[in-house]
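Welcome! Please take a moment with the chain shown here, and then let us walk through it together.

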Amino acid sequence: MLPERIEDRVKCVIVNTLSLEIAPAEIGDADVLFGGEMGLNSMAMIELVIGLEEEFGFEVSDEDLRAEVFESVQTMADYVRSALGSVSTAI
């Protein structure tokens, strides 16, 4: 069963996509993912883009490949909400 909250689903994407040896719940919504204690790099960002696209069924545009979108679980979840809103309006 998938978690209900987008933040929780994003955490699962992070852990599963990057094969991290932590539980998704150990990642805080506001934890800095790149350059912070998680220490993720640009390769991890590309992997996360693919993971988000697969999990949520939309395509991340080139102009959205910005550090501020992938700064934290919260910023990623906000982006997903925005992207899903765009997808549903476009249908």
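We begin with the model as a whole and then visit a handful of residues.

A word on the ground rules comes first. This is a predicted model, in which local features need pLDDT of at least 70 and side-chain atom pairs count only at pLDDT 80 or more, while totals for chains, interfaces and linings use all residues. Residues are numbered from 1 along each chain as its sequence is written, and side-chain values use heavy atoms, with hydrogens and water left out.

How confident is the predictor? The pLDDT score gives the predictor's confidence in each residue, from 0 to 100. Its mean over the chain is 88, and 90% of the residues reach 70 or more.

Now for the overall layout. You will find three helices and zero strands, so named from DSSP runs numbered from the N terminus (H or I with at least four residues for helices, E with at least two for strands). Following the sequence, the pattern reads α-α-α.

What about overall dimensions? Along the principal axes, the C-alpha atoms fill a box of roughly 40 × 30 × 20 Å. The radius of gyration is taken over C-alpha atoms, and the globule rule is 2.2 Å times the number of residues to the power 0.38. A compact globule of 91 residues would have a radius of gyration near 12 Å, and the chain agrees because its own value is 12 Å.

Next comes the surface. Accessible areas come from the Shrake-Rupley method with a 1.4 Å probe, and for residues only the protein chains shown count as cover. The chain exposes about 5400 Å², of which carbon and sulfur atoms supply 53%. A residue is called buried under 20% relative accessible area, exposed over 50%, and partly exposed in between (1.4 Å probe, protein chains only). Buried residues make up 34% of the 91 residues.

Charge is another thing to look for. Lys and Arg count as positive and Asp and Glu as negative, with His and the chain ends not counted. On that count the chain has 5 positive and 19 negative side chains, and the centres of the two sets lie 7 Å apart.

Contacts tell us how the chain meets itself; the term means heavy atoms within 4.5 Å. Among contacts between residues at least 6 apart in sequence, 54% join residues at least 24 apart.

Let us step into helix α1, where Lys-11 has its place. Is Lys-11 buried or exposed? Lys-11 counts as buried because its relative accessible area is 8%. Beyond its neighbours within four places in sequence, Lys-11 is in contact with Arg-5, Pro-24, Ile-27, Gly-28, Asp-29 and Val-73. Asp-8 also belongs to helix α1, and its relative accessible area of 27% makes it partly exposed. Between the C-alpha atoms of Asp-8 and Leu-52, 44 residues apart in sequence, the distance is 12 Å.

Thr-17 is found in helix α1 as well and is partly exposed, at 26%. Not counting residues up to four places away in sequence, Thr-17 touches Cys-12, Glu-47, Leu-48 and Gly-51. Glu-47 is 30 residues from Thr-17 in sequence, yet their C-alpha atoms are 6.6 Å apart. For Glu-63, 46 residues from Thr-17 along the chain, the C-alpha separation is 22 Å. Glu-63 sits in the loop between α2 and α3 and is exposed, with a relative accessible area of 58%.

Our last stop is the loop between α1 and α2 (42–56), which holds Ser-19. Ser-19 is exposed, at 60%, and has a positive phi of about 50 degrees although it is not a glycine. Most residues other than glycine have a negative phi. Leu-40 is found in the loop between α1 and α2 too, but Leu-40 is buried, with a relative accessible area of 13%. Setting aside residues up to four places away, Leu-40 touches Leu-18, Leu-33, Phe-34, Gly-35 and Leu-48. Leu-40 and Glu-71 lie 31 residues apart in sequence and 9.9 Å apart from C-alpha to C-alpha.

Terms used
Charge placed at Lys NZ, Arg CZ, Asp CG, Glu CD.
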